[in-house]
Amino acid sequence: MTKLRLAELTSGEAKTRLSNRPTILLPMGSLEDQGPHAPMGDYLLADAIALRIAERAVALGADALVAPVLPFGGEDYFGTVSGGIALSHATLLAVIREMLERLLAHGLDRILIVNGHGGNTHAIHEATLAIKHADGTLIPSLYVWRVLYGAWPKLTGGDTAGKVGHGADPVWSVALALFPELCRPDMIPDPVPPSSIQGMAVTGLGAARFDEIEIGLPIEYDIAAPNGVLAGDPRRGDAAVGERAVTWLAEQGARLIVHLRDQG
């Protein structure tokens, strides 16, 4: 059996395996409220998806290894979550930069970041842009939920209006597929009307509508999604759809690895 996790290699195995410049997948996520029915650690999903990508890449003939997941995401809208742990932008940026620098120092310049949290995107961009400016190394990142939001109509075969959002799909169906034992469908909250602040309807995390325009506001999850769900309907979650989504994403990620390997 081919080992797919970097942490599971012995040092002897690592010397041989890493000398061939495998692609290193670096999964990242967060520990935040995903709704009362879903596990808080969406980093679990990013890690599992990275493993599926690596498995498919190996099947296609491109070696790949999954590095240990970074479980704490960048702080954004979830500072009020009980039990949530987030990192400041400066800390997250330093961690990402140093992880990438250590991999590069060992000649591991084929890297794919598998990101599962929006609060990580700015730090990822800043760290990878600095590396590109320094020596030209291009490190791509795959923000899995952004990709799946765009692909959800195709994956579900229908209109997604009112179905996707925080605490709902695509995270919820993927969680049902990958970690059904951690999910609590019995705790899905009843729908509630959108929140408001100073007479303006809250339209998203950090956003509200005034008249015909949307404005940014310094509001967090406790105001935007007090029951843990925003915009979507988790009652429509489906493990079969989640499995189809993960399989599709693994294929896309594996093909990307093969493509980048062939570029040199």
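**View 1. Contacts across the predicted protein chain.** Of the contacts (heavy atoms within 4.5 Å) with a separation of 6 or more, 73% are between residues 24 or more positions apart. The chain folds into eight helices and ten strands, which are DSSP runs numbered from the N terminus, helices being H or I with at least four residues and strands E with at least two. This is a predicted model, in which local features need pLDDT of at least 70 and side-chain atom pairs count only at pLDDT 80 or more, while totals for chains, interfaces and linings use all residues. Residues are numbered from 1 along each chain as its sequence is written, and side-chain values use heavy atoms, with hydrogens and water left out.

**View 2. Asp63 and Arg17 form a salt bridge.** A salt bridge here is a side-chain nitrogen of Lys or Arg within 4 Å of a carboxyl oxygen of Asp or Glu; for this pair the N to O distance is 2.7 Å. Asp63 lies in the loop between helix H2 (43-59) and strand S2 (64-66), 46 residues from Arg17 in helix H1 (residues 11-18). Arg17 is buried at 14% relative accessibility, and Asp63 is partly exposed at 27% (buried is under 20% relative accessible area, exposed over 50%, partly exposed in between; 1.4 Å probe, protein chains only).

**View 3. Arg52 meets Glu243 in a salt bridge.** Their closest N and O atoms are 2.5 Å apart. The pair joins helix H2 to helix H8 (residues 239-262) across 191 residues.

View 4. Between Arg236 and Asp233, the closest N and O atoms are 3.6 Å apart. Asp233 is buried at 13%, whereas Arg236 is partly exposed at 48%.
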